[in-house]
Amino acid sequence: MVSSEGLCCSPPTIAAPVTQYGVTKPISVAGPTEADILRSRVLERFLVEAGLYESKEEASKREEVLGRIQEIVTDWVKQLTRLRGYTDQMVEDANAAIFTFGSYRLGVHGPGSDIDTLCVGPSYVNREEDFFFVLHNILAEREEVTELQPVPDAHVPVMKFKFNGIPIDLLYASISHLVVPNDLDISDMSILNNVDEPTVRSLNGCRVADQILKLVPNVEHFCTTLRCLKLWAKRRGVYSNVTGFLGGVNWALLVARICQLYPNAVPSMLVSRFFRVYTQWRWPNPVMLCAIEDGLGFSVWDPRKNPRDRTHHMPIITPAYPCMNSSYNVSTSTLRVMMEQFQYGNSICEKIELNRAKWSALFEPYLFFQSYTNYLQVDILAADADDLRAWKGWVESRLRQLTLMIERDTYGKLQCHPYPQEYVDVSKPSAHCAFFMGLQRKQGEIIQEGQQFDIRGSVDEFRHSINMYMFWKPGMEIYVYHVRRKQLPAYVHPDVDKCSRNLWLTHQQSYKLPCNNGVAYQTDSGEKCLKRKNDSGGENSEQHRLVKQRSPDRNQSGSSEIISRKLSSTSTSCSTSDLDEVNGFAGANASSNSSGIVSCSHEDIGNESTAGSSEGSNGGYENPSCSQSDSCDDLNSYVEDEHANRKKAFQDGSLKELEPNTMVGAVLKSMNGVVDAESAQNPLIRLSLASTA
């Protein structure tokens, strides 16, 4: 029998305090089960087999390259110190420091990936002349350096090149020191004294990477999970900061926050929780790893004080001062696409946990070219490969603006899905590439029959922004086309059945049309439209409709297109009950100095469509390639309608307005590397397309 004295002496059990990582308490501190551990091992084996880990030889080569770059920049600073008349002692002490950030610093880089590198130099060595001209010329003269491309006008100015085959993105920061010490602590806030905004942004890459590694509970689990999510994002077409999706640092911050919310979870659990949390996240509530601090007077993310911050759709805040939104490029359309893909990932992970699916199902590629009926195709041409590399980088950095312009000018009713992958027609010898955007109306919008989306002004404004490129050279051209799924160029999906395309070519040849004629055709709604004329020398030129003139002629004023759309889809919303506390921290816990941060009013975000959340490798869209409308029989009657309507256009005398012969001539010549400026003076082509998705 137990005495009452013994009961009185037994101390009560006290629960151990839960360690808090980040701005809120964890959602769960539960550890893994045996099944979770087994799934993690299978996942890690899958990542190894997918080739995500580099060999020891390549790792050693990277270290050697970084050492060589360190020697080059040190000699560069000493040379400038001597030229500016400093003492011999100053020349001897002159130094530059090399730091890494991004995937390499976080330990999640793979074979062939670039190394994000920062060069920190003294106060008297500037970025504009010393870095982008003097150091650029030094690198250009070295045999080990290839594909050298300066990008001085980027949000974070960068010099891109390959050193012994290793891709390098080199940034520069001039700090307020006459001599850069070898043991410089880049995390110290004092390094930001007396520097400009571009320098702060350059320094923040390294500072953010260091903070992420300090703020996650388990670095090894974080790295494995991040490798997995980066592979997933690339396979599903949502890995690209420049086109309005998320880049490496954005995915790292999202994964780090999940690690904080589930501190004892293993990678298989973290991947599943990642999708579970972010399908329910109430954007634009911010994702933050720590409280926002104020300090040296630099602007920090705070929608109470900064009106521009209120327009951000998917705030993912960097943890190092000055805290910024790393995902300001995200638009309503790209957020919609990512939410669809999160839903897709969540559904697959639920099946994996029930042993009804394998990890390979999660990484099925997204079938972009089977997901829309209408696309914009952006063709980029240059005189040679070096010019194309620079020109493409400039155009790609501005493609996001085209998306925003179209959304703005159509009041958000026409949604764009920019696809981050570039495509090349290997059958053409000229230096060129192409990007594509899927087009659809906003889900739930009621649009009258024949209502048009006029995006001519949007594309013309885009053209003017492209024309601001300060390093433009002859031969650098850009064209924007509207193209239906049936007429997509063959090189975007070389393995699909070519029945439709071959029939199209057969009918075009049977008409015996000269290559400078246009073809008017009739859409499903009976509207007259124009198809671009054939190019007997180009494999796929007959598949496009031109909507824009060549860009480099600064004095030309071209027009784009009118797209009339009647698209329909369903929408749904997801539950947020599991994340009320986490989502609610924006007001109370976002920062010790910003307790009033509130959500922006974006009721439609995330509710437009759930196409990407459904089962299937195409993100849940109904497979249009198998639909009756795309069959060879329907294409036969479709081409006959075009032929009949072309005849009617001649009879009505309306072909003059639609005739594209002058501009198409310029396009055909430019595809061969020759552009006739005279032939591009009258590029007007109006397209009024009615379609269903």
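Helices (H or I, at least four residues) and strands (E, at least two) are DSSP runs, numbered from the N terminus. This report concerns a predicted model, in which local features need pLDDT of at least 70, side-chain atom pairs count only at pLDDT 80 or more, and totals for chains, interfaces and linings use all residues. Residues are numbered from 1 along each chain as its sequence is written, and side-chain values use heavy atoms, with hydrogens and water left out.

**Helix 2**

Helix 2 comprises 16 residues, 34-49; at 1.5 Å a residue it should span 22 Å, and its end C-alpha atoms are 23 Å apart, which agrees. The expected span is 1.5 Å times one less than the number of residues. Asp36, Arg39, Ser40, Leu43, Phe46 and Leu47 of this helix are buried, that is, under 20% relative accessible area, where exposed means over 50% and partly exposed lies in between (1.4 Å probe, protein chains only). Seen down the axis of helix 2, the buried residues fall within an arc of 120°, so they line one face of the helix; the arc is that of the directions from the helix axis to the C-beta atoms. On the other side, Glu34, Leu38, Arg41, Val48 and Glu49 are exposed. The buried residues pack against helix 8 (219-235), helix 10 (267-280), helix 11 (332-353) and helix 12 (359-362).

**Phe342**

Phe342 is placed in helix 11 and is buried, with a relative accessible area of 0%. Not counting residues up to four places away in sequence, Phe342 touches Trp232, Trp251, Phe274, Phe275, Tyr278, Thr279 and Met314, where contact means heavy atoms within 4.5 Å. From C-alpha to C-alpha, Phe342 and Arg236 are 9.9 Å apart in space, and they are 106 residues apart in sequence.

**Backbone features**

| Peptide bond | Omega |
|---|---|
| Trp283 to Pro284, cis | about 10° |
| Tyr321 to Pro322, cis | near -5° |

Pro284 lies in the loop between helix 10 and helix 11, and Pro322 is placed in the loop between helix 10 and helix 11.

Glu147 has a positive phi of about 55° although it is not a glycine. Glu147 belongs to strand 3 (residues 145-151) and counts as partly exposed, at 36% relative accessibility. Asn355, also not a glycine, has a positive phi of about 60°. Asn355 is found in the loop between helix 11 and helix 12 and is exposed, with a relative accessible area of 65%.
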